[in-house]
Amino acid sequence: MPDYAYTAIDPKGREKTGRLTAASDDAARAKLTERNFYVVKMQAAHGGTSKQARASAGLFGPKKLSSKELTLFTRQLSSLAQVSPLEEALRLIGNQNEKPHVQQRIATVHGGVIEGQRLSEAMRREPKSFPPLYRAMIAAGESSGTLPDITERLADLLERQAELRGKLIGTLAYPAVLALVSIIVVALLMIAVVPKVVEQFDDVNQQLPLVTRIVIGISGFLADWWWMIAIVLGLAALIGWRALQEPRIKFRFDGFLLRLPFFGRLLRDLHAARLARTLSTMVASRLPIIEGLKLTTNTIHNSVLRKASEDMVEAIRGGGSLSTALKNTGVFPPMLVYMTSSGEASGQLDDMLARAAGYLEREFDNFSSTALSLLEPLIIVALGGLVALVILAILLPILQLQNLAGL
C-alpha cells in the first residue's frame, strides 16, 4: 500500500504532520477522521518527495538506524515521553534530526502510531532499525504502562553497549595499526631498499655473510613473486571464508578463538557483560527471561556462545534456574554465576545482574589496559629486531670489505 504525507489539525487545535499507509487517498483521510483530525493537506508520499527518499537510501536499499542513532533516538524518546504524548514526541524527534534516512525511519513509525498502532507494532515496519529485543522491551513497557521507564532503561543499556564496543575497538585498533605499519615497513625495506644496496656487492669476489645471503634471498623472492604471494593470500582468505560457512568448521574455529590466551578472554568477558546487562534490563522491565534469551541468541556471532545461550533457554524452559543454566554452559565467569544465584535467592536478580555487568566491564578495562601495555612494546621490539636484522645484513659486507682493504 502507498504512503501518504499529511498536514492536519488535532482535536486540541495543534498542527500535525506525518505519514501513514493506506489503500487510497480516501482511506488515509478516513483514518485521520476517525482520530478526530481535520485534514488540511493530503498527498501521496512518493519517496518523501523523491529527493529526500534518494538521500535516505543506501547502496543496498534504505539505510537503517545505526547503533549510535538508535541510542540517541531512545534517549530522546525516554525524555520526551515523560512530558508529551507519544505521537508528539516522535514528531519532534523526527523534525529535529538533520539526517534524511533517520527522518524517514522515524516518520514511518510515527505514521503507524497515527494510524492507531502501538509503538512496538509501528516499529515492526522498520525491523532492521529496531531489533526484536528492542521491540519486545517496548511492548513490555506499553503493556505495563511504564513506557518512559522502559525507554530510559533501554537508553542506558544501549549507551553501555556502545561504550563497551568503543573500548574494545580502542583496545584492538592501536596494536592492529601498529602491526600493519610494521609489516609494511619491513616489506618496503625488503622489496625496495635491500636490492638497491645489494647491487653494490655484485662485483665483490668474496662470500657474503650468512645473514646477508638469507636476507638477499628473502628480498629477491618478495621482489619477484609479491604478486603471487598476494594471490595466494587472497585465495586463502576466500577459502577460509567459504569454510567458515560450514557450521561444524565454524563451531570449531569459534571454540579455538575462545581458547586463545588474550582474545578468548576478551570475547568471553564481553559476551558475559553484555548478557548480564541485557538480562538485568529485561528482568527490571518484567520481560520473560526465556523470551529475552531467545531474542538475543540471534545477535551472537560466536557459534559456541550462541549454542550456550540456546542450551540456557532449554534448561530454563525445563524448570531450571538461570544460575544453574549459566553454570552448566561452562563458558561464563564464576562471578556472574555466583551473583546470579545470590540475586535469585534474595529476589534482587536485576540488581545483582547489573552489579555483575559492572564488575565484568571493570575487569575488561583492567585486563585490556594491562594486556595492551604489554602488547605495544612487544610489537615495537619485534619491528626493531627485524629492521636491525636488515641493517646488520647490509653493514656486515661493508665492514668485511673495509677489513680486506685494510689488509
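Visitor: Is Arg35 buried, partly exposed or exposed?
Guide: Arg35 is found in the loop between helix 1 (25-34) and strand 3 (38-44) of this predicted model, where helices (H or I, at least four residues) and strands (E, at least two) are DSSP runs numbered from the N terminus. Buried means under 20% relative accessible area, exposed over 50% and partly exposed in between, with a 1.4 Å probe and protein chains only. Because its relative accessibility is 30%, Arg35 counts as partly exposed.

Visitor: How far apart in space are Arg35 and Ile114, C-alpha to C-alpha?
Guide: Not counting residues up to four places away in sequence, Arg35 touches Pro11, Glu87, Val113, Ile114 and Gly116, a contact being heavy atoms within 4.5 Å. Arg35 and Ile114 are 79 residues apart in sequence, and their C-alpha to C-alpha separation in space is 8.3 Å.

Visitor: How are helix 4 and helix 5 oriented to each other?
Guide: The axes of helix 4 (residues 86-96) and helix 5 (residues 100-114) come within 9 Å and cross at roughly 165°, with axes fitted to C-alpha atoms over the stretch in contact and angles running from 0 to 180 degrees between N-to-C directions. Angles under 35 degrees count as roughly parallel, over 145 as roughly antiparallel, 65 to 115 as roughly perpendicular and the rest as oblique. Helix 4 and helix 5 are therefore roughly antiparallel.

Visitor: Which residues of helix 5 make the contact with helix 4?
Guide: From helix 4, the contact involves Glu87, Leu90, Arg91, Ile93, Gly94 and Asn95. On the side of helix 5, the residues are Gln103, Ile106, Val109, His110, Val113 and Ile114.

Visitor: Is Thr74 buried or exposed?
Guide: Thr74 lies in helix 3 (residues 67-80) and, leaving aside residues up to four places away in sequence, touches Tyr134, Thr151, Leu154, Ala155 and Leu158. Because its relative accessible area is 0%, Thr74 is buried.

Visitor: Over which residues is the pLDDT below 50?
Guide: The mean pLDDT (the predictor's confidence in each residue, from 0 to 100) of the protein chain is 79, and 91% of its residues reach 70 or more. Where pLDDT is low, the predicted coordinates should not be read in detail. The pLDDT is below 50 over residues 47-60.

Visitor: What numbering and limits apply to the model?
Guide: Residues are numbered from 1 along each chain as its sequence is written, and side-chain values use heavy atoms, with hydrogens and water left out. In this predicted model, totals for chains, interfaces and linings use all residues, whereas local features need pLDDT of at least 70 and side-chain atom pairs count only at pLDDT 80 or more.
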